[in-house]
Amino acid sequence: MTDRQMMTCTAVDSELLGYLEGTLAADARTAVDEHVASCLRCSSILRDIGSIRAQAAQLPELAPSRDLWAGISARIEPAVVPLGRARQDIRRSWIPAATAAAAALVIATAGITYFATTRSLRPMTQKVAAAPKGGPGAQGIAQPSIVPSKATAPPDTSVSSAVSASAAPTSVAAAPAGERSGGRAPSAGVRLASRRNEPAAGPGEIAYGDEIARLQNIIKQRRRELDPGTVTVIEQSLAIIDAAVRQSRAALARDPRSGFLTDQLNHALDKKIELLRTVALLPSRT
Amino acid sequence: MMQPTAPAEDSTDVALAAAGDRRAFERLYNGHVNRVFTLCARMCGSRIRGEELTQDVFVRAWEKLPQFRGDSAFSTWVHRIAVNIVLTDRKNEGRARRRMKEDEDEVGEDIFAPAATPPRDADRMDLAAAIGNLPAGARQIFVLHDVEGYKHEEIAELCGITAGGSKAQLHRARLLLREALTR
């Protein structure tokens, strides 16, 4: 009797996995084959497993007992209208632009805030009188709280006067009458968001434009009074915001119904006005 | 795995559905729902749960369709989603229930012939019912390998186990099935 003939059922059991997977070495496989040929138990196991495998591969396809589509349909964007490929491409194309615009706004806002705070906070504290909370001074540039101290005020206060005299009424004027008592004019008074189906340059944006033009005029007058470094940073920030506005407008022109793009454009214009106001209120260089 | 034959019209409907056309997606659903349901029901051991998972599969497919590159047939792609959904469902369910029993004791709930399902100690049961009575881990690997034709390496990747583990589970499943079918 050879070693192969000595193979037991237990030994076959331990080799069965490899045998069925075809991973056994040739010698071991031959030993299993020889054992199985003379063993009713082991040959039965192999035959049954072979049968199970064959049956499993032939199992019939099942069908659900109910209609599943209704549940699926309710879950997949109920309001979706079939879109053509071209429209999908448009939708995809504005996503990077809108993302870039949003990122640019964040950078610009953070930069100018940091710069204005670090460079101008000290002089401001000397010149700015605390406005009553919730009072007229809280309404943005419309009621600037700059009160140049007599000791430090520059001899020519025309810029301050311009801020007080021209900006205050104009920003309020830009807002609809019903919203004049609200907060900051561009945020509350000239929102474009409610006009989602309008082209980018609708009346709301024209109101923004008026406000921006007025603020830019103020800043133009004040330009010589501001620190050159501050002016450089302001111009860089404005360029970034303007780029964001342009991108938002371009995307909105392609997809005028997009609420997201409308919000992006509003946000960019808000940021621009916020920045211009901050600049208009910056103290003169000392 | 076995490569299901892809209907020729799939590619058109896939493109339309990826662009948001729900009717095209419904046609895809009609063409593939039985295969997906079969996989889900067999893997989870329950027709009822299988139907719920089938819905999850098609919802997921709808969400991911814009990312479908067409590198494989739609049927292969949706099949893969189905496997992942079932496996994830099992994991989530396990976490939620904290498993009163070990996996070895977990069997399908309503099997495949609920009214006619004999008890485990019955003299004989058919293969479909016996598969439903397998422990979850062994059942899923048996279905993937012996029914669906996945290779051990593919199963290992899908299930997060080794190919050796997949082979061992498969062998165990086969022996349990033999035992159930020959009693």
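Predicted model: local features only at pLDDT ≥ 70, side-chain atom pairs only at ≥ 80, totals over all residues.
1. Residues are numbered from 1 along each chain as its sequence is written, with chains lettered from A and ligands numbered from 1 in the order in which they are written.

2. Chain A brings 31 residues to the contact and chain B brings 30 (contact: C-beta atoms, placed from the backbone, within 7 Å). On the chain B side, α2(B) gives the most, with nine residues (helices are DSSP runs of H or I, at least four residues, numbered from the N terminus). By class, that side of chain B has 13 nonpolar, ten charged and seven polar residues (Ala, Val, Leu, Ile, Met, Phe, Trp, Tyr, Cys and Pro count as nonpolar, Asp, Glu, Lys and Arg as charged, the others, Gly among them, as polar).

3. Across the two chains, α1(A) packs on α8(B) at about 105°, axes 10 Å apart (axes are lines fitted to C-alpha atoms over the stretch in contact, and angles run from 0 to 180 degrees between N-to-C directions). The pair is therefore roughly perpendicular (65 to 115 degrees; under 35 is roughly parallel, over 145 roughly antiparallel, the rest oblique). Leu16(A), Leu17(A) and Glu21(A) meet Lys167(B), Ala168(B) and His171(B) here.

4. Within chain B, the axes of α2(B) and α3(B) come within 8 Å and cross at roughly 135°, so these two helices are oblique to each other. Their contact includes Phe25(B) and Tyr29(B) of α2(B) and Phe58(B) and Trp62(B) of α3(B). The contact residues divide into twelve nonpolar, three charged and two polar.

Note on methods
Contact = placed C-beta atoms within 7 Å.
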